[in-house]
Amino acid sequence: MNDDRPVLLETRGTCLHLTLNRPRALNALSHTMVRLLDEALSRAEGDESIGSVLLSGAGDRGLCAGGDIRALHDDARASGRASLEFWRDEYRLNARIARFPKPYVALMDGIVMGGGVGVSAHSGIRVVTERSRVAMPETAIGFVPDVGGTRLLASAPGELGTHLALTGRSVGAADAVLCGLADHHVPARLLPALIEALGEPAGQDASVAGIVQRFATEPPAGELAAQRDWIDSCYAADSVEEILRQLRGSGVPEAEAAADELLTKSPLALKVTLAAVRRAARLDSLEAVLDQEFRVSSRAFEHPDFVEGVRARIIDKDNEPQWKPGSLAEVDDQEVARFFAPLGPGEQELGLAPGPTHTPVDEGQAG
């Protein structure tokens with residue numbers, strides 16, 4: 001008999017195993033799932049019999065493909081507010097995971113995108129496999145990387161995070177480790193044995209990290225290390241327009257392909273994303289970044305590009321979004337700055353970080 005609970009909880013030894021259980025939807029996160037995860041972690045934190053937490057996804061396609069995009073789209077079309085409350089709780093969960101005082105192991109097998117990154121890449125022990133595809137693909141749907149993703153990407157070596165944030169490209173195991181999105185590669189065939197080992201009573205000298213390390217191997221070769229020269233050079237520019245010019249003028253075929261890819265994204269989302277990543281690098285905590293992302297998400301949710309992007313990419317799948325504005329030249333700095341301004345009357349800030357996290361947009365940083 002199938003268990004249709006959206007999050008499964010099983011205690012093995014001293015390990016609490018949490019399984020995202022919506023395999024037909026690639027374990028996309030619902031508000032209920034976020035609440036269940038938060039409640040489970042709250043109990044585990046105070047339960048002395050629980051020594052560690054393990055997160056995995058049901059099925060063999062991925063840990064989590066992100067939030068429930070169709071539900072967010074429908075809410076936006078109806079001018080609803082449920083999505084903002086979902087993000088409020090989701091971002092608080094992301095912060096809890098990052099500060100969780102016990103070992104938290106995330107199995108980032110298969111597809112790990114958007115909200116899936118939020119529940120895994122902030123954890124202390126992050127495991128990828130040869131099947132992993134990790135991405136923050138928000139610009140393709142007129143949105144901006146969130147769930148603490150702008151902090152993760154801003155912390156990647158050189159300009160790798162800027163490249164991934166703007167293009168929304170997915171990366172495999174080696175590149176996920178290189179970018180600081182994961183720690184260890186474990187072959188997918190060894191995951192059942194790893195799960196079993198994490199649930200066994202640990203010996204005196206054993207640790208959760210040590211158990212994972214026993215199963216870890218070198219991942220298959222990645223792509224980004226060999227592309228650092230043109231990525232670091234081109235994406236260091238202060239505007240999306242200049243990044244495009246640098247990509248076009250680099251003479252590198254991969255850079256030309258990246259430029260072509262950027263031109264398919266929402267112009268407004270590209271400019272806001274660049275500003276968000278640059279700003280995240282200057283903020284001093286994940287909580288401050290999540291506060292910023294909540295403002296940005298609230299504004300992106302109100303903008304027609306989000307509904308149009310989901311329609312074109314997810315619902316109708318015609319891949320012909322009609323962005324507004326339709327070009328980078330039509331997106332001005334004031335419009336970008338509005339995404340980072342404090343929320344207005346009747347709107348509640350996320351408020352995870354003490355003190356204000358709003359800073360003016362530096363000249364040249366808005367887009």
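Contact here means heavy atoms within 4.5 Å. Helices (H or I, at least four residues) and strands (E, at least two) are DSSP runs, numbered from the N terminus.

I noted the ground rules next. The model is predicted, so local features need pLDDT of at least 70 and side-chain atom pairs count only at pLDDT 80 or more, while totals for chains, interfaces and linings use all residues. Residues are numbered from 1 along each chain as its sequence is written, and side-chain values use heavy atoms, with hydrogens and water left out.

**Entry 1: α3 and α14**

I sorted the contact of α3 with α14 by class and found 9 nonpolar, 4 polar and 3 charged residues. Ala, Val, Leu, Ile, Met, Phe, Trp, Tyr, Cys and Pro count as nonpolar, Asp, Glu, Lys and Arg as charged, and the others, Gly among them, as polar. Then I looked up the axes. Those of α3 (residues 82-98) and α14 (residues 286-302) come within 10 Å and cross at roughly 160 degrees. That makes α3 roughly antiparallel to α14. The axes are lines fitted to C-alpha atoms, for helices over the stretch in contact, and angles run from 0 to 180 degrees between N-to-C directions. Angles under 35 degrees count as roughly parallel, over 145 as roughly antiparallel, 65 to 115 as roughly perpendicular and the rest as oblique. The crossing of α3 and α14 is right-handed. Right-handed means that the near helix is turned clockwise from the far one by less than a right angle; anticlockwise is left-handed.

**Entry 2: α8 and α9**

I checked a second pair. The axes of α8 (residues 191-199) and α9 (residues 208-215) come within 10 Å, crossing at roughly 155 degrees. That makes α8 roughly antiparallel to α9. Their crossing is right-handed. From α8, the contact takes in A193, L194, A197 and L198; from α9, V208, I211, V212, R214 and F215. I counted classes again: 8 nonpolar, no polar and 1 charged.

**Entry 3: the sheet**

Which order do the 6 strands of the open sheet have? I read β1-β2-β3-β5-β7-β9, with mixed pairing. The edge strands, β1 (7-12) and β9 (184-185), each pair on one side only. Two strands pair if DSSP finds at least two bridges between them. β7 (residues 125-128) and β9 pair in the parallel sense over 2 bridges. V128 has H185 in β9 as its bridge partner. Helix α1 (residues 31-46) lies across β1, β2 (15-20), β3 (52-57) and β5 (104-108), and runs at about 180 degrees to β2.

Most residues other than glycine have a negative phi, and most peptide bonds are trans. I looked for exceptions. The bond from K324 to P325 is cis, with omega near -5 degrees. P325 lies in the loop between α15 (304-315) and α16 (333-338). N319 is in the loop between α15 and α16, with a positive phi of about 55 degrees. V147 has a phi near 50 degrees and sits in the loop between β8 (133-135) and α5 (149-154).

Is V147 buried or exposed? V147 counts as buried, at 0% relative accessibility. N319 is partly exposed at 48%. Buried means under 20% relative accessible area, exposed over 50%, partly exposed in between (1.4 Å probe, protein chains only).
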